Amino acid sequence: MTTLTVGLIGAGGISRVHADAWRALGATGYVTSLQGAEAIAEEYGFTVVADVDALIDLVDIVDIVTPSSTHADLALRAIARGRDVVCEKPLAATAEQAQRIALAAEQAGVRLFPAHVVRYFGEYAAIKAAIDAGRLGTVAVQRFSRAGSAPRTPWFFAESTGGGVIRDLMIHDIDQAIWFAGPVASVYAVQNPPTVDDRVPTPVTAHVVLTHRSGVVSHLHASWVAEGMPFRTSVEVAGSEGRMRHDSAEDAAVRTDAVLAEGSTDYLPPMSPQESPYYAEIADFVAARREGRDARISPADGIEAVAVAEAAYASIAAGAPVALASAPPPASARETEEVAR
């Protein structure tokens, strides 16, 4: 069997969990970055490459783990050279950029995988399975929360170029809300304190309300808090037949409160060790690539999450809800129209 060759662009904190997954899968790794590439290479057995273009030439798969504002350019460069692409969330800073990446991948016949890792957390996957199986009945409301110490790198706080607490942190739960309840019809968002001159203050909190086309209402909370505060996430989905919730501060299990059959007792699924979700997402992509099937996350999923995040910022600016189109307009349609003009 041919050994996978993967090129990691970027050497920040998230690069290590990606590198660890590629190493566990037996891939031959290369890395390039403005800083930190040597440390990644030494730790994971990768080879340092001088620049992006040289790295693309050496590999089958390009894995982008750089600041959000660079994702579109790097993905398009890799796709233009016929490489499959794994891209950390968000897929791009804007929905239009994300659509262009997806269109380019489709036209080039290469795979594009937006790395929305929370879909691979066992607790969230269990809730999704329960919803799909009808165990919760008709879902009415969802609540998501995600909070942790503010990042230290300045680019996270430049809202117009891909930073911001909604686009960077809350986008995980935006993706989960859509995964659980389907497309979004409208978005209402608030942030406190507000962004000033494109700089996001800290500590900062955002709250977003999504009204899904299915009728489900999702409440999403995200905070960058003081340094040293522990990271915490929670999720709760309530329907006509029951409720499921998970809080990372309580335990590693999913709590189910269901309408029970006569004689039954409350049900708490046993806790069990979970494999790394970062390994699981990369392994799913590799297996899908090998087997010729779709991975759990599609380019359309990446586009939709960015579109909702973008609408949230528009809602904050307007102080009012923002309606979303039934589907993001395809880049191919816009480009065809521009050529016709």
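Trainee: Which residues of helix α1 (residues 13-24) are buried?

Mentor: This is a predicted model, and in it S15, H18, A19, A21 and W22 are the buried ones in α1.

Trainee: Why do they end up on the same side of α1?

Mentor: Their arc around the axis is only 160°, so they sit on the same side of α1. As background, an α-helix has 3.6 residues a turn, so residues three or four places apart point the same way.

Trainee: What do the buried residues of α1 pack against?

Mentor: They pack against β1 (5-9), α2 (37-44), β4 (61-64), β5, β6 (112-115) and α8 (277-291).

Trainee: And which exposed residues are on the face turned away from the buried side?

Mentor: G13 and A24. Just after α1 comes G26, with a positive phi of about 80°.

Trainee: Moving on to Y30. Where is it?

Mentor: Y30 is in strand β2, which covers residues 28-32.

Trainee: Buried or exposed, Y30?

Mentor: Buried. Its relative accessible area is 18%, and the cut-off for buried is under 20%.

Trainee: What does Y30 touch, leaving out residues up to four places away in sequence?

Mentor: V6, G7, L8, F46, T47, V49, L55, L58 and V59. Take L55 from that list: it is 25 residues from Y30 along the chain, and the two C-alpha atoms are separated by 6.9 Å.

Trainee: Now the aromatics. How many aromatic pairs are there in the whole structure?

Mentor: Seven. One of the pairs is F121 with Y124, which is edge-to-face, with 6.5 Å centre to centre and 80° between the planes.

Trainee: How accessible are F121 and Y124?

Mentor: F121 is partly exposed at 28% relative accessibility, whereas Y124 is buried at 2%.

Trainee: Why is the pair of F157 and W224 called edge-to-face?

Mentor: The ring centres of F157 and W224 are 5.2 Å apart and the planes meet at 65°, so the pair counts as edge-to-face. The cut-off on the angle is over 60 degrees.

Trainee: Which parts does that pair tie together?

Mentor: F157 is in the loop between β7 (139-149) and α7 (165-181), and W224 is in strand β10 (residues 217-225), so the pair links parts 67 residues apart in sequence. F157 is buried, at 10% relative accessible area, and W224 is buried too, at 3%.

Trainee: Where are P90 and P193?

Mentor: P90 is in the loop between β5 (84-88) and α5 (95-108). P193 is in the loop between β8 (184-192) and β9 (204-212).

Trainee: What is phi at D197 and D198?

Mentor: Positive at both: near 50° for D197 and about 70° for D198. Most residues other than glycine have a negative phi. D197 is in the loop between β8 and β9, and D198 is in that loop as well.

Trainee: How exposed are D197 and D198?

Mentor: D197 is exposed, with 73% relative accessibility. D198 is partly exposed, with 29%.

Trainee: Last topic, the largest nonpolar core. Which residues touch the most other members?

Mentor: I166, I174, F180, V187 and V208, out of 48 residues in that core. The elements giving two or more residues to this core are α6 (122-133), β7, α7, β8, β9, β10, β11 (232-239) and α9 (299-318).

Trainee: Which element gives the largest share?

Mentor: α7, with eleven residues.

Trainee: What is I166 in contact with, apart from its neighbours within four places in sequence?

Mentor: I171, I174, A206, V208, A309, A312, Y313 and I316.

Key
Residues numbered from 1 in each chain as written. Predicted model: local features only at pLDDT ≥ 70, side-chain atom pairs only at ≥ 80, totals over all residues. Heavy atoms only, no water. Helix = DSSP H or I, 4+ residues; strand = E, 2+ residues; numbered from the N terminus. Buried < 20%, exposed > 50% of the residue type's maximum accessible area, 1.4 Å probe, protein only. Contact = heavy atoms within 4.5 Å. Phe/Tyr/Trp six-rings, centres within 6.5 Å; stacked < 30°, edge-to-face > 60°. Core = buried A, V, L, I, M, F, W, Y, C linked by side-chain atoms within 4.5 Å. Arc of directions from axis to C-beta.
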